[in-house]
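Good morning, everyone, and thank you for making the time.

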Amino acid sequence: MFPPDFLWGGAIAANQAEGGIDEGGKGLSIQDLMPRGITEPPVAHPVPDNLKNVAIDFYHRYRQDIGLFAELGFKVFRFSIAWSRIFPRGDEEHPNEAGLLFYERVIDECLSHGIEPLVTLSHYETPLHLARAYDGFRGRQTVGHFARFAATVMRRFKDKVTYWLTFNEINSVLAEPLLSGGVLTPPSQLTLADRLQTVHHELVASALATKAARAINPAFRIGCMVLALPVYPLTPNPADIIKAMEFDHRNLVFSDVQARGRYPGYYHRWLRDEGVTLRTAPGDDGILANTVDFVSFSYYMSACVSARQDALGAGNLVRSAPNPYLDVTAWDWPVDPRGLRYVMNQLYDRYQLPLFVAENGLGAKDELVLGQDGEPSVDDDYRIDYLKAHLLQVEQAIEDGVPVMGYTAWGCIDLVSASTSQMDKRYGFIYVDRHDDGTGTLERYRKKSFRWYRDVIRSNGLSLHEGGQ
Ligand code: BGP
């Protein structure tokens with residue numbers, strides 16, 4: 001059973017939904033150099049054919065979209081504040097009022113429908129100037145600029161927003177230093193020391209935001225946000241088990257620090273083994289001691305690891321060996337609902353903090369057809385099946401005794417995908433008429449899954465146990 005105060009909702013990110021990249025005084029971000037997501041190296045200068053320039057035009061249509069979320073019965077809506085709307089270059093002393101006003105309107109719109117805002121401070125959109133001037137979070141200077149941004153928006157919205165996440169999928173920075181850390185130096189030129197220095201800076205920045213939050217409003221609830229990835233050894237060979245443990249460590253060190261307030265022993269060992277010495281500032285240990293209130297995470301797949309790293313498949317930022325027991329999506333992402341229950345138990349066993357499922361969903365090609373009521377719609381039974389299987393595992397985790405605050409379905413309205421920068425990889429309950437070639441009216445249509453999710457929320461999960469859809 002889902003608890004009565006369970007926060008049902010959906011999630012988006014600014015750069016994948018808003019568009020309006022040159023409106024309201026917004027500055028450029030690293031996304032302006034990533035028209036093909038992470039599938040190609042960044043371009044030198046922003047290009048007109050970046051789908052994210054318009055995205056789904058949430059910047060102008062947020063009222064209509066939040067109205068649809070209200071119709072779905074959302075209790076919570078997760079979105080990110082584009083740092084470069086508030087500080088266009090990232091290093092200004094004073095914020096851009098037009099940017100703050102935009103988010104104020106979004107927040108007020110949510111509140112008018114009784115929807116709780118869940119705000120991500122940094123979701124893959126470091127201001128471009130900070131990337132160019134300091135190599136993003138590889139440079140210590142970016143830490144202070146982030147802390148100012150975080151404190152500015154938390155102060156501004158201190159009476160309107162309770163739930164905050166610091167960095168989206170902070171543990172993706174090792175694999176994706178540009179997307180996740182604003183590091184413009186090509187990955188091939190980065191040493192392990194460079195990457196771990198970037199990690200340190202992001203962790204310090206996250207803890208500084210948490211520290212500021214305590215002073216601004218003690219009622220705030222601050223979460224970390226990690227890419228949750230259950231790791232299975234490919235065989236019972238102890239070499240594979242140890243490999244899986246080490247893989248897990250690389251992935252979990254982030255939430256270990258954010259939830260426990262210090263680097264764990266295995267991490268010190270890794271630094272020693274690799275001969276890496278972190279450059280730290282006096283007081284960093286004290287800053288890292290500012291821990292979060294809850295652990296939020298995205299969940300899309302599990303990973304399979306072997307000591308023989310020969311057969312690596314595709315994945316969401318992290319590649320792993322194919323698991324012969326799992327089917328894959330059209331984008332080759334393994335589908336593993338039970339992995340969600342497994343990883344929720346793992347995270348709760350480790351931290352004893354409430355969890356929040358901040359992202360989960362199926363990216364699929366949808367076909368718009370004429371529905372029974374004469375309205376265009378999508379018969380997305382495959383999405384319903386996927387979400388239902390995962391939500392039943394969330395419920396299993398709750399039965400296991402894991403406290404779960406809420407669930408925000410990723411891309412509750414179709415948006416531009418992060419890794420491949422496609423419009424036709426759709427996650428939403430709401431179809432947006434826009435395509436990879438930039439055509440489309442931007443009209444919104446309710447998919448079959450829209451009615452299904454509305455019923456799930458209305459029944460607080462009970463409808464998941466009814467036969468059929
Ligand atoms: C996560 C990101 C999201 C989102 C999601 C789906 O890694 O936090 O921004 O996009 O993955 O990935 P994609 O959009 O590449 O399908």
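**Strands, ligand and salt bridges**

Let me begin with a pair of strands: β7, which covers residues 294-298, pairs with β9 in the parallel sense, and four bridges hold that pairing. Please keep in mind throughout that this is a predicted model. If you look for a particular point along that pairing, you will find Ser296 standing opposite Phe356, which belongs to β9.

Strand β9 has another partner as well, because three bridges, again in the parallel sense, join β9 to strand β12, residues 404-410. Here Phe356 comes up again, since this residue also stands opposite Gly406 in β12. How many of the residues of β9 are buried? Five of the five are, so the strand is largely enclosed by the rest of the structure.

Gln352 lies in the loop between α12, residues 337-351, and β9, residues 355-359, and the phi of Gln352 is near 55 degrees, a positive value in a residue that is not glycine. As background, most residues other than glycine have a negative phi. Glu169 also has a positive phi, of about 40 degrees, although Glu169 is not a glycine either. You will find Glu169 in the loop between β4, residues 163-167, and α7, residues 177-181. Glu169 counts as buried because its relative accessible area is 3%, and the cut-off for that word is under 20%.

Glu169 also brings us to the ligand. Which residues come nearest to the ligand, out of the 15 around it? They are Glu169, Ala418, Ser419, Lys425 and Tyr427. Sorted by class, the shell around the ligand consists of six nonpolar, six polar and three charged residues.

Finally, let me turn to the salt bridges, of which a search of the whole structure finds 30. One of them joins Arg61 to Asp57, with the closest N and O atoms 2.9 Å apart. Is each of these two partners buried or partly exposed? Arg61 counts as partly exposed because its relative accessibility is 22%, whereas Asp57, with a relative accessible area of 11%, is buried.

Another salt bridge is formed by Asp65 and Arg444, whose closest N and O atoms are 2.8 Å apart. This pair links distant parts of the chain, as Asp65 sits in helix α2, residues 58-72, while Arg444 sits in strand β14, residues 444-446, and the two are 379 residues apart. Both Asp65 and Arg444 are buried.

Elsewhere, salt bridges that share partners join Asp366, Asp380, Arg383, Asp414, Asp424, Arg426 and Lys447 into one network.

How values were computed:
Residues numbered from 1 in each chain as written. Predicted model: local features only at pLDDT ≥ 70, side-chain atom pairs only at ≥ 80, totals over all residues. Heavy atoms only, no water. Salt bridge = Lys/Arg side-chain N within 4 Å of Asp/Glu carboxyl O. Buried < 20%, exposed > 50% of the residue type's maximum accessible area, 1.4 Å probe, protein only. Pairing = 2+ DSSP bridges. Near = heavy atom within 4 Å. Nonpolar A, V, L, I, M, F, W, Y, C, P; charged D, E, K, R; others polar.
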